[in-house]
Structures are given as C-alpha cells and as structure tokens.
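Me: I would like to learn how to read a protein interface and a DNA-facing surface. Can we take it one feature at a time?

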2 protein chains.
Amino acid sequence: MIKNKDLEKELVQKGYKITRQRKIILDTFARLKKRWITAQELYEIVIEKNPKINFSTVYRNLDILTRISILCKIDKGQGVYYYSLNNKDHHHHLICKLCGKTKSIHFCPLEYIDTENFQDFTIVEHKLEIYGYCKECMKDRLVSSGK
Amino acid sequence: MIKNKDLEKELVQKGYKITRQRKIILDTFARLKKRWITAQELYEIVIEKNPKINFSTVYRNLDILTRISILCKIDKGQGVYYYSLNNKDHHHHLICKLCGKTKSIHFCPLEYIDTENFQDFTIVEHKLEIYGYCKECMKDRLVSSGK
DNA sequence: TGCCTAAATGCAAGTATTTGCATTTAATTA
DNA sequence: TAATTAAATGCAAATACTTGCATTTAGGCA
Ligand SMILES: [Mn+2]
Ligand SMILES: [Mn+2]
Ligand SMILES: [Zn+2]
Ligand SMILES: [Zn+2]
C-alpha cells in the first residue's frame, strides 16, 4: 500500500510545499496504485475535488513529481505521455504498440555498457523503452493475418 | 558522400512519389551530411528554394523519412526533435545535456537482454538514449563549481 | 500525349504541453 | 498571532507538432 502521507513527507524533505492542489494529485496517484494515466485523465479526476485547479498546475506537478522519481513517465507512442507511481527500483518498460499494456523489466543497459570506452562522456541519465506486441495482441495479429 | 539520387531511389522502391518538396528536403539533408537540424531549421532552409512549401509538408516528410530509416530522430531534451541522415548500422546516442552534442554508440541493449524471459512479448522496436556531459562541458562544470 | 487515380500537399484548425507574468499561499519567523 | 517571502498557482498566450479535408500532382497506362 502506497501512502500519500509518505509521498508528502518526501516532498517536504526535498523543499517543496504541500499545497491543496498537490495533496489532491498525490492522493489520486496513491489511490490509483500503479495504473497509468494521462495528464488529461488526472485533470478530470482532480477537478472533481477542486473544480478550480488549473491544467498548468497539473502539468507542473507531473513534471516535478517525475523529476524527483515519485512518478514514472512513459511514451506509449500515442502522442500523449502516461504517468504512474514509480517503483523504487530502477527499471525500464516493455510497451505493447497495440493495447498499450506495459511491463516493467529490471534489465538495465548501463550494466552491460563498457563505460571505460566513454571516459570522455559522463553519463547522468538514460532512457530505454522497448516496443512490441503482448501475448494477447500477438495472438490477434496472427488470427487476423489468416494464421 | 551521400547522394540524394540514392535516397530518391530508395523512396521510389518503397512506393513513395518524388515530389518537388521531397526532392528539396532530401537534397538538404544530403548536403548537411550528418548535421542535426530541427523541423524549424529545415523549413527555413527549404523555403529558400520553394517559398510556398508548407510546414505540415515538412513534418509529414520528416515523419516518413524517419519511419523508413532514412533519417534519425532524437530528443536532445530541449522540447524539440532533431533530425539527421541515419547511419546504415544500428546504433544509439550519447547526448550532452548542456551543449547538445551527440555521439553514436554501437552498443545495443537487445544483444544483452535475455529474450527467453519474454516469450510472451514480441519485440519490434526499441529506443535507448543516454544523457550526460561531454568532455568539454564536464570541464566547464568542474571549473564553475570551484574545481 | 492526355487521362486517371492514389499519394502528397496546402491550409486551417486541433492537440498536448510549456511558459511569462501577475497574484496567491504555505511555511518560516518574529 | 501577524508579517514576510519564496514557491506555487491561475490565466492567457506561445510552442511544437498533428490532423481532416479539399485541391493538386506524380507517375502509370491507354
Ligand atoms: Mn517505470
Ligand atoms: Mn542515430
Ligand atoms: Zn497488447
Ligand atoms: Zn557538451
């Protein structure tokens, strides 16, 4: 169970203020657990509790929460970003190009890369996303292509 | 030397038409060699030769050329995409967060991933980008932080 | 060469996200 | 508790990119 109180503590500790808007946003993600939502979907949930919250406040909070790793932000290839509570452990994603389903993988390329070859480049971040078809969607593809 | 005639041949072979607009775009990338440019920069070069070419034509062509791997598209983290002629070999990028310089690397995570573990997921694409600081920018950072 | 048609373009409107700036507010301190 | 102030918010405009639809055009064929 993810407690929004813990998330608030983390924010305070990093010097951010706990605003009414931010509380609602954190609370929403805590209740959604690991479900992925878009900025638009978050906005719609959030205005139920505070009808005058602004879209740019939503975006600014998504940005901060992502940068401090409370949220995870992914591009499912649909022209919109998806957000959800981040796992504590470092991971990447498999993303189904058809249904958008995602799966975390604990493989990380940085463990395999020969960083000795990059003395002249200091790595600070990386992004790996793997796209394809999940089992179910692959089945559908085979069927519709006449097996 | 990259010849735009070769690029045109590739397009024809894949069933695309060679329009006046497309010729100018291909020619521009061929002449720029491996320099990275944004859609805006391309548009500005291209209207010199045909002042009535439309921005959406530029975007649509960038999209097609990227999808068929004639161009490579990267996110340097500045809120705009950069495009350049693609290498023929599969590669990924190191991107400097300060000056935007990029370096191709021929390391690919898919060679290290244990695909046996993903029988239930069919991989068709992947995206790896590594961000950090290049030698020069790292030097500047060390200096400005008081060595 | 002229006709035909699918593909490409132009244009205008739409979408997702970001930003500048004036105002409000959370949290610190007196 | 009231005063202070940096951070956060609201609002409106900007940016980067995409899309629908009417029109044009490349390239195949008679
Ligand atoms: Mn994640
Ligand atoms: Mn590349
Ligand atoms: Zn799927
Ligand atoms: Zn640099």
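Me: Which residue in β5(B) is the bridge partner of Y131(A)?
Reply: Strands count as paired if DSSP finds at least two bridges between them. Strands are DSSP runs of E with at least two residues; helices are runs of H or I with at least four; both are numbered from the N terminus. Here Y131(A) is bridged to E125(B) in β5(B). β5(A) and β5(B), residues 121-134 of chain B, pair in the antiparallel sense over 13 bridges.

Me: What conventions apply to the model?
Reply: It is predicted: local features need pLDDT of at least 70, side-chain atom pairs count only at pLDDT 80 or more, and totals for chains, interfaces and linings use all residues. Residues are numbered from 1 along each chain as its sequence is written, chains are lettered from A and ligands numbered from 1 in the order written, and side-chain values use heavy atoms, with hydrogens and water left out.

Me: How many residues does each chain bring to the contact?
Reply: Contact means heavy atoms within 4.5 Å. Chain A brings 30 residues and chain B brings 30 residues. Buried area is the accessible area (1.4 Å probe) lost when two parts are put together, summed over both. For these chains it is about 2,900 Å², 66% of it on carbon and sulfur atoms.

Me: How many salt bridges cross the interface of chain A and chain B?
Reply: The rule wants a side-chain nitrogen of Lys or Arg within 4 Å of a carboxyl oxygen of Asp or Glu. It finds 6 across this interface. One of them joins D75(B) to K127(A), with the closest N and O atoms 3.3 Å apart. On the side of chain A that touches chain B, β5(A) supplies the largest share, 14 residues.

Me: Which residues come nearest to DNA strand C?
Reply: A residue is near a strand if one of its heavy atoms lies within 4 Å of it. Of 23 such residues, I18(A), Y59(A), T19(B), Q21(B) and T57(B) come nearest. Sugar and phosphate make up 70% of the atoms of DNA strand C that come within 4 Å of the protein. α4(B) gives the most to this surface, with 4 residues.

Me: What does the side chain of T57(B) approach on DNA strand C?
Reply: A phosphate oxygen, 2.6 Å from an N or O atom of that side chain. For R22(B), the corresponding distance to a phosphate oxygen is 2.9 Å. R60(B) has a polar side-chain atom 3.0 Å from a base oxygen.

Note on methods. Polar contact = N/O pair within 3.5 Å; in protein donor to acceptor, adjacent residues only side chain to side chain.
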